[in-house]
Each structure stands twice: as structure tokens, then as C-alpha cells.
Amino acid sequence: MKHSVYTGLDNIEALGLAKGARVGLITNTGACRRDGKQAIDVISEKYTLCALFAPEHGLEARLEAGKSFENSMLGETKVYSLYGANSSPDHFAAASLDALIYDIQDVGARHYTYLSTLSNSMRICAETGTAFIVLDRPNPLGGVIDGEVLEEKFSSFVGMYPIPTRYGLTIGEYARYINSRYNINCHLKICEMSGWSRDLIWSDTDLVWRAPSPNIPNCETCFYYLSTCFLEATNLSEGRGTPYPFRIFAAPDLNSDLIAHDLNSRNLPGISFSPIHITPTASKWMNTECNAVLLTITDFNKFNALSVKLNVFSALRKHYPSLSVDRDFFCKLTGNSLLLDDDLPIYKLQELFDLQAQEFKKLCAFSHIYN
């Protein structure tokens, strides 16, 4: 049976914000109420919507990764780009508001730029004295914490703080964590959800998934994204321009039969690997027929994203001599350089990163809102 979950947007009456208050809204069209009404429309009916702020992928969540965009207008409301010349809200615009509201569905992975947009916006509000409100939404991956913790020397807009790849917090809890842990100290208010608990992944709820970015078309992709996003820093396609974004890795000269057989022989829990042929229509190897390996999660409770990542990279290094890696970008995505160390076997990396994740679990416990 599906669990009925009400997001912060659904529960917005609990905010107690005065009707007609001057607000700005950081959002995209993936943020909707249960009935499908977009956050932009809900907020503009209740308050004076003075400005909109759009993260990477734009207000309509359709722009491809890494594509910057300019400020624009939506009717009479200015839309500020937070992915281009500026990655933070305009200081003057924020200072003129009673509150800046954040409502974007996150994917639960550290290497997703909306987390950095959140952090930068909180810092601007701390400087201007503007209230910062998060309309909370589920972490689609639930409350499980797993994966390597980012080393601060690899901090960037694709991963800002030392947190695990799968950090197990809702966006409201994450805001509470960084506000205290990293002394942002903005006037933070969380409009909480109801009906959600840490043992629920997205498919356990009755909420409709609306893609927060072009290549996260369904909630299942969030799980694959944990394990395969690092492929963005290689010469392999990670599935952009195919029906399987982040579910495949592909190249024309990849021995997909051999690699799929190797990975299946490792008996990784909750996942299987199949060789396929595919032609991406965008990004790497566009319009080129490729050999690919398709990942299929067979049990989301047993699936271990870190183990899959380590074993996929290991198999590629062993069986794909054409592999090339953009070291700088790779380290920013994975948060460290240890995966590139030939002297560290998988089991050692797994042990190290598991310890890091357990330490973070203790550090972030104070920020929990939900059981």
C-alpha cells in the first residue's frame, strides 16, 4: 500500500507567513502540489511574488546539464538565473524581500547542483537578514546514508560540503544541517512534510514524480545516478540521449559482453548487468552505434550504490583499455582521488567509505525532522 505524503508546499498554510508578504521563489516546474498545481501558482496566489530564481536546467527543468542561461521574464515577474554569470540570488533583490522560499525536488545525491544553489541562497539571506524558507520534499532515496564523503579540497559547485554521495536527508534537513554545521546562520524556517518517514523511498509514496532535470525522468533513475554519475568524467556515454540515462555505460569499442559477464560474476546484491546495443542521440557518442552495459536494479533494499560504482569502475579499468578520465572532474564528482589509486582494492575502499558514512550519520542526526 502506498503511503500518503504531503509536501511542504501542500502544508504551506502552516507557515504562518502574512498574506501578501513580499517573497522570492527558488524553484522549477518540477515542484508541484499533490493536485499538480505548480509552486509558482500556489505562491503567487498567497503572497506577493516579487522574483523567481531558477537553478541549473532552468525554470522549466529542460536545459541540458552545464548549459548556462540568462535572466528572463515570466509575465511581469523577473526570473533570475542561478546558473550562469551568477550562482547566488541578487543581493539587492534578496534584501527587498520578506522571505526567500526554496521549493525544488532533489534527487538525494551529493553531486547534484541544486544543493549548492540552496547553500549559496542561504548565505545571501544570512547577509541580507532575509528569512529563508524551505518547503520540504521527500528524499527519493529514503534515509539511507552510503558512499564516499567529499574531501574539502575537491569542493565545487557539483559538490560543496563533506557529505556522502547518498546523504539520507530531506532538503529541509540538509538545510538545517549546513546552516548549523557550516555557520551559515540564516533565519531558516522549514515547512515540514506530513506522512513521510526515513524508511520510505519515493515508490513507497503516492506522490507523482515530476522530473527535476531532463535526465532524471523517473524516481528509479535517482538510484542509478548514485553509481554512474562518475562516468560523466570519462569518455563513455552515461546514457544521455538514450531511454536509459545513468542506467548504461556505452562506447563503440566497449566489450559489453565481457564486462557484463564479469560484473554478474561478482554477485553484487540487488542488481544485474546486460549487454545491449544503442545509439545515443545526444552528448557523448551522439549518432554513433555503441556497445553498452545496461544496469537493472532487482531489489532496491539490497542495492548498494557504492559497491556498484566501485565494481563498475574496476571492470572498466580491467577490460576497457580505451578508458580515459578527466581527473579533475572525476575527483569533484566522486569527492576524492582514492578511486584512482591502483594500490587500493575494492574491499579497502568499501571499508573506508562505509566508516565515513557512519561518521556522517552521527554528525547529521541533530538535523533530523522525521523518524
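Colleague: In which strand is Leu188 found?

Modeller: This is a predicted model. Residues 188–191 form a strand here, and Leu188 belongs to that run. The strand is β9.

Colleague: Does Leu188 count as buried or partly exposed?

Modeller: A residue counts as buried under 20% relative accessible area and as exposed over 50%. Leu188 has 22% relative accessibility, so the residue counts as partly exposed.

Colleague: Which residues are in contact with Leu188, leaving aside its neighbours within four places in sequence?

Modeller: Contact requires heavy atoms within 4.5 Å. With neighbours within four places left aside, Leu188 is in contact with Met122, Phe132, Val134, Ala175, Arg176 and Asn179.

Colleague: How many residues does the largest nonpolar core have, and which of them have the most contacts inside it?

Modeller: Phe132, which is in contact with Leu188, is one of the residues with the most contacts inside this core. The core has 91 residues, and those with the most contacts inside it are Phe132, Phe249, Phe273 and Leu316.

Colleague: What separation do the C-alpha atoms of Asp262 and Phe273 have?

Modeller: Asp262 is found in helix α6, residues 256–265. Along the chain, Asp262 and Phe273 are 11 residues apart. Their C-alpha atoms are separated by 9.2 Å.

Colleague: Why does Asp262 count as buried, and which residues is Asp262 in contact with beyond four places in sequence?

Modeller: The cut-off for buried is under 20% relative accessible area. Asp262 counts as buried because its relative accessibility is 10%. Leaving aside neighbours within four places in sequence, its contacts are Ala315, Lys318 and His319.

Colleague: What covers the buried residues of helix α5?

Modeller: Helix α5 spans residues 219–228 and is mostly covered, with nine of its 10 residues buried. Among those buried are Cys219, Phe223 and Leu226. Their cover includes β8 (164–166), β12 (290–297) and α7.

Colleague: Where is Ser156 placed, and which residues does Ser156 touch beyond four places in sequence?

Modeller: Ser156 lies in the loop between β7 (146–149) and β8. Its relative accessibility is 17%, so Ser156 counts as buried. Not counting residues up to four places away in sequence, Ser156 touches Ser116 and Lys332.

Colleague: How many residues does the second, separate core have?

Modeller: Ile40, Leu52, Tyr83 and Ala99 are included in this second core, which is separate. The number of its residues is 25.

Colleague: What radius of gyration does the protein have?

Modeller: There are nine helices and 12 strands in the protein. Because the protein has 371 residues, a compact globule would have a radius of gyration near 21 Å. The value for the protein agrees, at 21 Å.

Colleague: What percentage of the residues count as buried?

Modeller: The protein exposes about 15000 Å², of which carbon and sulfur atoms supply 48%. Of its 371 residues, the buried share is 55%.

Methods: Residues are numbered from 1 along each chain as its sequence is written. This is a predicted model: local features need pLDDT of at least 70, side-chain atom pairs count only at pLDDT 80 or more; totals for chains, interfaces and linings use all residues. Side-chain values use heavy atoms; hydrogens and water are left out. Helices (H or I, at least four residues) and strands (E, at least two) are DSSP runs, numbered from the N terminus. The radius of gyration is taken over C-alpha atoms; the globule rule is 2.2 Å times the number of residues to the power 0.38. Buried means under 20% relative accessible area, exposed over 50%, partly exposed in between (1.4 Å probe, protein chains only). Accessible areas come from the Shrake-Rupley method with a 1.4 Å probe; for residues, only the protein chains shown count as cover. A nonpolar core is a set of buried Ala, Val, Leu, Ile, Met, Phe, Trp, Tyr and Cys residues joined through side-chain atoms within 4.5 Å.
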